[in-house]
Each structure stands twice: as C-alpha cells, then as structure tokens.
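Subject: Structure for your files

Dear colleague,

Here is the structure you asked for.

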Amino acid sequence: MLVKINGEKIELPEGSTIQDAINVVGAPYLPGCVLGLVKGTEEVEKHVNKYSLKTNKGSIIIEILEDAPEKLVSTWKERYKEFSKMGVRWTTSQEVAIGPIVTELTPSREKYRYHRWDVLFSLSGFTADATHLILSMGEHEATYGAPEENRGVFARVVGGKRTILKLTDDDEILKVKPVLERESIVKSAAITNLETLLEEGNQIYTYVQVKPNPNSPQSVEHFYALLDSGKIRVDYDSNTFVGFYALQGLKKETEQIDQRKRGTITFRNTGKGVGRVYIYREDRVSTPSHNVLGKVENGMQLLDIASYGDEVTFKTSPGRIMTLAMTQKEAEEFLKENGIKQVREGLEDDQAVVVRQEPHFTMEIIDKGEVKTFGIPEEDIVHIELGNQSPRSAWYFQKITGLLDSPVGSLDVHFAFPGMKLVMFKSVPKESKGLIPEYTPKDVVKAGEIGVTNMSRRHIGMVGVRFEDNNEFGPTGEPFQGTNIIGKVVRGLEDLEKYKEGDTIYVTRKK
C-alpha cells in the first residue's frame, strides 16, 4: 500500500504500523511525542472550505458557503482542478466568467438576482456541457442557466477582490487548489501511537522542520534553548496559534518585525508573557511586540493536531552552534563539522573547558564564519544540582547565571573573606521580586548547599554557599527563615574558597 510519511511516498505491506513507516525512512521522532495521522488527500479535501485561484494578475480566494447546496459543493470539489490552465472566457462590469467545463448539473431558465462577490455556476446555452464559474462583481439580475439550488451560488469571494477587478479575457487561471487550514486537517486526523495500523493513502507526520530567521539572532537562540532536548511541550493552543512558555520571563531585544502568516514562529519581546514563543496556525498582522524568529518548513499539519500538554519533535536547519561545556578539542571538531573556524582564547589546551563563546548567537557565528572559544581549567568549573522544592528561587538562580538558555552560567563574587567559610554572589534586584519563602532550612545548613535570600530579608536575591555545616545561619548569612535552599554544589566546592570579591565563577549542571 502507498502511504506518505512527512511528505515522502513509500510502499508498505498490508498490516504495517506507524512504527514500520518510521523505520523504513528513518523519520525523526522522539519517544513520547505526539504523532499525526491524516486519512488521505481526499478525506482532507472533504473538509476544506477555501480555495485559491491563482491567475497571472494575482490570487483570488473563495470560501464555500456554510449552507451551500450539497450538489453544488460536491460538483465543485470533484471538478475544481478542471478550471486550472483555463482562460477567462469573458468579463463585463458585473461578472468574470471562467471555463467551460462539463458537469452533470441541471440548468434552469429563471432570472435570478446576485450579490457582489457571489460565486456561482453558469450553464451557458442551458446545457451542463458549458458550465462556467462566475465571479459576481456587483448587484445584478441575470439568466445564467444556473441550477435552481440557491441560484447556482455555492461560495463567496473572500480574498483577491482587486485581482478580479483587473482581469480581462486575455488572462488565465494558472492553478486552482484548496487552502489547507487547521480545521480541515484536524477533522481528518487523529493523535496516534506507534502501533496504529496504516491504510492505503494515509499520511503520517512525526516532526516539525524549522528554518530560523538570521535577522533575529537573539530570538533564534532562545528557540534553540527551548529545543535543547529535541522536543518542546505545548503550553497553550488555540485556533490561532500554539504557545511554548517554558522560558517565559527571558527578555530579548526587539528584532525583525513582520507579518505573522501561518507557520510563522515569533518571540514575544515585551509586555505580559515576554519570552513566550508562538507558532501561528492562522494569518495575523505584524505587531511590535513579536520578533519573527523563523518559519515552519514542514510538519505544520502536526502542529495543527497538537494540543495542550503534548510534546512535539522539532528539527532545525541550521542547528545550534553552542560550544559551552565542551573541551577546546571537542569544540574544534564540532565547529569543523559545521564549517566554522575556531579561535581559541583563555586556556587554549585541548582539555580546557569552554565557558564563553564570541559571538554568542548561532546566526551571528554562521554569518561571521568563526567563533572565539574561551577556555578555563576543567577543575575550575563548579558543578551544581538544583532541586525542585524552591521553584521560584531556582528559576531566579538560573536566570541570573544564564543557565536557563546555556549549558554554562556565571556568578560574580560579592563577598569572600578568609575564615568565614562561605562565599556570596551578587544579587540582581530587578529579577528578585517575588522570592517568597520556600524550602527554608530546619535544623542545619549543610556544606555545599546553595541558598538564596528571600523577600523576608533586606538583601533579597543574594546567593551563597557555605563550606561547612551551620545550624544557625544560611549560606547568605541570613537566619533560616530568610533563606531558600535551591540545590547543592556536587563538584568543585573545595575550590570555591580560593575566590575573592570581584572574581567570576562558572557553573554547570551535574552531568
């Protein structure tokens, strides 16, 4: 049987499953993600209600009327392709006629009244052998030989009205095709599992292919960070868009602003919901609060199907250029594979670990063709483990260090005094609002635990680590009730004592 997977036609034996199809072509797919199964082209088109008529003067969009007679609608859906490559038969101040084609409609000899932008069938000479498509440009009465059912009217012009006004009998209809919108896809699709049996004509979608926009490098990098695991969870879905909110709160500069057409991916750069990413199911106008970071090249049908809580497999081309946490040698090999020149800085030894790259953003690196990788000794990187008992404080810590969207973050030492057995790091006041008390210590703070001062104390947002257990004060020198514990240092604690005020330390998550 013939099926399609991500647009590729393949032959499979009867009784094959979605898993079999994935195996045959090696389709990108991560376990646990949503899959899309569309019954077939004919089934999809049953639910299509808009069609595009591409002419040499521009495109026209017509929409099937909700209460259109079934006979007229079925005639159109069975025969619309026949109007492709046809010339405009005639034009007047009232109508444009395209055709003819042969149908099985029954003509009438009645004169009917038509409204502006009605779309109808005309049976010239009162014969179905000369069926024309009429686009009405004004209020008028006429005898078109139209079927009695609704005066032959089955649709309405909803787009390209100026194009119609320009047409003459020298013009041509280049192609007529259905306009696929979310509604038509969803009605013929189901979210499936890998063991679902396939049938002739089925279409399977396993992933979404994205092309990043080089004119929005910061927003693109944000999307790469969202996609760190290769899949993203849907946090919101509506008829207009699907939203991905995992990194909400991270602000970026205003970048390219453009129309939000179907398949456009945007980053909210200001206002409520800053840091959210949206993929549009329907066209929307541009707005200054949305940077356009890319577009969906393949797999939009899967996003039409996906709903709240689903995880979706994504692929990007090009992929992210991120060398942080690699050794200088690993970075060299990775960059070479991507055609990027490496310029080593800091500690240039092969085993040194990269903690900064310049430029930082993938799109800028690709444009420049080279990147500077700054290395430090592997033992100087502090490895941490974050718990989930203090979600607000852990989020704050990741945001001020840069760990939310990078594999290596940094902290500036604020206080370090020999013999005090603790080190404290600078707070970021504008980010520390709302740090309520959460997971405060009870009897003792253990060596290596990471603490954040909560809003009950004056120095809210201060971060600290103790080098030895203490049963009275937290890692930032505050009483227990003023301290939120967010995690612990799992490697490099002994080296923290060597740092002094003004130094920068680099942190990464436990591997």
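A surface patch here is made of residues with over 30% relative accessible area and no salt bridge, like charges being joined within 9 Å. Please keep in mind that the model is predicted.

By that rule, E11, E14, E199 and E200 form a negative patch on the surface. E200 sits in the loop between β14 (189–191) and β15 (203–205), and counts as exposed because its relative accessibility is 53%. A positive patch consists of K54, K81, K85, K175 and K177. Of these, K85 is in the loop between α3 (70–79) and β6 (86–91) and is exposed at 61% relative accessibility.

Helix α3 has the buried residues L72, V73, T75, W76 and R79. They lie on the same side of α3 because they span an arc of only 160 degrees around the axis. The exposed residues E70 and E78 are on the face turned away from that buried side.

The structure has 22 salt bridges. Among them:

- R113 and E141 (3.9 Å, N to O): R113 is in strand β8 and E141 in strand β11, 28 residues apart.
- D118 and R151 (3.3 Å, N to O): D118 is in strand β9 and R151 in the loop between β11 and β12, 33 residues apart. D118 is buried, at 7% relative accessible area.
- R281 and D237, with the closest N and O atoms 3.5 Å apart: R281 lies in the loop between β21 and β22 and D237 in strand β18, so the pair ties together parts 44 residues apart in sequence. R281 is buried at 1% relative accessibility, whereas D237 is partly exposed at 24%.

Regards

Notes. Residues numbered from 1 in each chain as written. Predicted model: local features only at pLDDT ≥ 70, side-chain atom pairs only at ≥ 80, totals over all residues. Heavy atoms only, no water. Patch = residues over 30% accessible without salt bridge, like charges linked within 9 Å, V, L, I, M, F, W, Y side chains within 5 Å. Areas by Shrake-Rupley, 256 points an atom, 1.4 Å probe, with all protein chains shown as cover. Salt bridge = Lys/Arg side-chain N within 4 Å of Asp/Glu carboxyl O. Lys, Arg positive; Asp, Glu negative; His and termini not counted. Charge placed at Lys NZ, Arg CZ, Asp CG, Glu CD. Helix = DSSP H or I, 4+ residues; strand = E, 2+ residues; numbered from the N terminus. Buried < 20%, exposed > 50% of the residue type's maximum accessible area, 1.4 Å probe, protein only. Arc of directions from axis to C-beta.
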